[in-house]
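Visitor: I would like to learn how to read a few features of a protein model. Please take them one at a time.

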Amino acid sequence: VPEDREESLNAFLDKESVVYIRSEASNEDNIPILLKNKGFFNKFEIIGELYSLPTYSELDLTPFFAPFYALFFGFCLGDAGYGILMVLAALIAKRKINKELKPVASLIFYLGLSTILFGLFGGTFFGIGLYDTNLPVYRTIQQYLISEGTDINSILFKLSLILGGIHILFGLILKAVNETMQFGWKVAL
């Protein structure tokens, strides 16, 4: 039982005159996992559960992969028009669907926001290249990029390599922290 519910369980068992044994969990036990992420991170528990939940002694990676997941999702889809549709669909769905599916709608909302952000940065709206239009902001940025001898696609490619490298290094650091928590610093090293 989670520690915050232990007293109420013990009180119930004592009231019912039930014989029970209390012991601390060990790493060898097959312990059910209860994730306790809040806010933004809570919405991404659905994705973590698709892979596997952490064991009792492992680090919950949800708060660490959630920002990267949203970032990479927006980067890959990268169309402001589709992102707007996702946000609107999520907002409408949150009012119409049952309680169990509301976290899914919230997840879609956050992924839609990321898609809008990268769509605006990358300059696509329902497949229309905004840097090729006469919209003042995009025309000015396009002229600047041309004067610098580059374009938005080159910048996005370099950004993807940088973010990928950061993500890999961050993952290796988390792996070392997780192994330190489980097995000690010698194994992690």
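**Salt bridges and packing**

Guide: A search of the whole structure finds two salt bridges, a salt bridge being a side-chain nitrogen of Lys or Arg within 4 Å of a carboxyl oxygen of Asp or Glu. This is a predicted model, in which local features need pLDDT of at least 70 and side-chain atom pairs count only at pLDDT 80 or more, while totals for chains, interfaces and linings use all residues. Residues are numbered from 1 along each chain as its sequence is written, and side-chain values use heavy atoms, with hydrogens and water left out.

Visitor: Which residue forms a salt bridge with lysine 36?

Guide: Side chains of opposite charge can pair when their charged atoms come close. Here the partner of lysine 36 is aspartate 4, with the closest N and O atoms 3.9 Å apart. Lysine 36 lies in the loop between helix 1 and helix 2 and aspartate 4 in the segment before helix 1, so the pair ties together parts that are 32 residues apart in sequence. Helices are DSSP runs (H or I, at least four residues), numbered from the N terminus.

Visitor: Are lysine 36 and aspartate 4 buried or exposed?

Guide: Both lysine 36 and aspartate 4 are exposed. Buried means under 20% relative accessible area, exposed over 50%, and partly exposed in between (1.4 Å probe, protein chains only).

Visitor: Which residue forms a salt bridge with arginine 22?

Guide: Glutamate 6 does, the closest N and O atoms being 2.4 Å apart. Arginine 22 is in the loop between helix 1 and helix 2 and glutamate 6 in helix 1, 16 residues apart, and the pair links distant parts of the chain.

Visitor: Where does leucine 34 lie?

Guide: Leucine 34 lies in the loop between helix 1 (6–15) and helix 2 (39–42). Leucine 34 counts as partly exposed because its relative accessibility is 47%.

Visitor: At what angle do helix 4 and helix 6 pack?

Guide: Two packed helices are described by the angle between their axes and the distance between the axes. Helix 4 and helix 6 (residues 102–122) pack at about 50 degrees, with their axes 7 Å apart. Axes are lines fitted to C-alpha atoms, for helices over the stretch in contact, and angles run from 0 to 180 degrees between N-to-C directions. Helix 4 and helix 6 are therefore oblique to each other (under 35 degrees counts as roughly parallel, over 145 as roughly antiparallel, 65 to 115 as roughly perpendicular and the rest as oblique).

Visitor: Where does leucine 77 lie?

Guide: Leucine 77 lies in helix 4 (residues 62–77). Leucine 77 is partly exposed, with a relative accessible area of 37%.

Methods
Helices (H or I, at least four residues) and strands (E, at least two) are DSSP runs, numbered from the N terminus.
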